[in-house]
Amino acid sequence: MNRPPGPTLPEELLLLALDPLRGTPYCRNRILEYALAGAALAELELQGRVTGQRGEIQVVNPLEPPDPLLAALMRSLPAPGKGRSGVPAQGWVRRAGQPAGGMYLEAAVQRGVLVRETRRFLGLVPYHRHPAGPQSYAVHVRERFAAAGQAGLPDHRSRALASLVAAAGLDRHVPGAGLASRSAMRSLIHERWPAYAVYRNVRRDASERSGAGRPVHDGAGGA
């Protein structure tokens, strides 16, 4: 399949989330997985293939996108049809996060956008780092994101990406994100349903880690 021109939202988000020199994410790995799944939904929405209403994903165009990674993720969504209900966005992001993360990292390594370095924790447990590779366009992505922020996030794509950055808590690490722009990005979380699904999963994990064991209620609409 031919790739569409320019990086997709998940590809841009991945490069914003990784330290280009150290190859480690600025957030927890699981949060990055949620964010990549949410970014895939946001990209599919921008392409007119899915929509989100009342916290559910509805496929409105069953034709697969030309991007093979988006197409693979879209296959996990029910095709539109009589009697078919939507899929809860929060649950889909939670289930699709791990495969989405693996797919996008592997694809970036295969294209030379990232390099995979294997290390060992305490000399025993292997883990990977993904610094920028010879074909990396991370600098371009970061510059373009900073320019969009300075321009007030003037288009749907920049606002979608900014909402996902904020939902994953990456707004403190992206270029040009002062206090005012960080506040603007965070305000988008509740306006963009893919970002809100990511945010709810991030909050759920934080609650479980703290031992609260109770759902988080933030006064916003359900997911």
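Q: Hi! How much accessible surface does the protein chain have, and what share belongs to carbon and sulfur atoms?
A: The protein chain's accessible surface comes to about 11200 Å², and 53% of that belongs to carbon and sulfur atoms. Keep in mind that this is a predicted model.

Q: Okay, and how many helices and strands are there?
A: The chain has eight helices and five strands. From the N terminus, their order is α-α-β-β-α-β-α-β-β-α-α-α-α.

Q: What share of the residues is buried?
A: Of the 223 residues in the chain, 47% are buried.

Q: Which residues touch the most other members of the largest nonpolar core?
A: Those are Leu13, Leu14, Trp92 and Leu114, in a core of 65 residues. Helix H2 supplies the largest share of this core, with eleven residues.

Q: What does Trp92 touch, leaving out residues up to four places away in sequence?
A: Trp92 is in contact with Ala37, Leu41, Ile57, Leu73, Ser76, Leu77 and Val87.

Q: Switching topic: how many salt bridges does the structure hold?
A: There are twelve. One of them pairs the side chains of Arg157 and Glu43, at 2.9 Å from N to O.

Q: Why does that pair tie together parts that are apart in sequence?
A: Because Arg157 sits in helix H6 and Glu43 in helix H2, the bridge links parts 114 residues apart in sequence.

Q: Is Glu43 buried or exposed?
A: Glu43 counts as buried, at 4% relative accessibility. Arg157 is partly exposed, at 31%.

Notes
Residues are numbered from 1 along each chain as its sequence is written. This is a predicted model: local features need pLDDT of at least 70, side-chain atom pairs count only at pLDDT 80 or more; totals for chains, interfaces and linings use all residues. Side-chain values use heavy atoms; hydrogens and water are left out. Helices (H or I, at least four residues) and strands (E, at least two) are DSSP runs, numbered from the N terminus. Buried means under 20% relative accessible area, exposed over 50%, partly exposed in between (1.4 Å probe, protein chains only). Accessible areas come from the Shrake-Rupley method with a 1.4 Å probe; for residues, only the protein chains shown count as cover. A nonpolar core is a set of buried Ala, Val, Leu, Ile, Met, Phe, Trp, Tyr and Cys residues joined through side-chain atoms within 4.5 Å. Contact means heavy atoms within 4.5 Å. A salt bridge is a side-chain nitrogen of Lys or Arg within 4 Å of a carboxyl oxygen of Asp or Glu.
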